[in-house]
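Thanks, everyone, for making the time.

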Amino acid sequence: MKRDYVAVIYDRQARPVTKYPDQLAEYLCQRFSIARGSKLLDVGFGRGDFLRAFARRGVEVAGVDQSTAALEGCADLSV
């Protein structure tokens with residue numbers, strides 16, 4: 001079975017999840033006054049780390065990605 005780019009590039013062993021997505025989402029929400037309930041579209045969301053970080057800040061998130069692994073890994077989000 002051929003692995004797609006998300007399974008290869010975002011392998012959790014090689015690239016574990018860090019606090020960076022939450023730190024960046026917090027900074028961007030403050031810097032650009034992104035309020036709870038605002039909407040965000042992430043094109044090519046990969047593993048979904050940034051989608052989840054913004055969702056934790058109360059932003060309504062949606063994403064598109066061509067990767068089956070990405071879509072399956074973020075099935076709980078609007079992808």
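Predicted model: local features only at pLDDT ≥ 70, side-chain atom pairs only at ≥ 80, totals over all residues.

As a general point, side chains of opposite charge can pair when their charged atoms come close. How many salt bridges does the structure hold? There are three, and I will take them one at a time.

Let me begin with aspartate 22 and arginine 56, whose closest N and O atoms are 3.0 Å apart in the salt bridge they form. Aspartate 22 sits in helix 2, residues 20–31, while arginine 56 belongs to helix 3, residues 49–56, so this pair ties together parts that lie 34 residues apart in sequence.

Next come arginine 52 and aspartate 76, which form a salt bridge with 2.9 Å between the closest N and O atoms. This pair, too, links distant parts of the chain, since arginine 52 is in helix 3 and aspartate 76 is in the segment after helix 4 (68–73), 24 residues apart. Arginine 52 has a relative accessible area of 22% and is therefore partly exposed, while aspartate 76, at 59%, is exposed.

That leaves aspartate 49 and arginine 47, whose side chains meet in a salt bridge at 2.9 Å, N to O. Are these two residues buried or exposed? Both aspartate 49 and arginine 47 are buried, that is, under 20% relative accessible area.

Terms used: Residues numbered from 1 in each chain as written. Heavy atoms only, no water. Salt bridge = Lys/Arg side-chain N within 4 Å of Asp/Glu carboxyl O. Helix = DSSP H or I, 4+ residues; strand = E, 2+ residues; numbered from the N terminus. Buried < 20%, exposed > 50% of the residue type's maximum accessible area, 1.4 Å probe, protein only.
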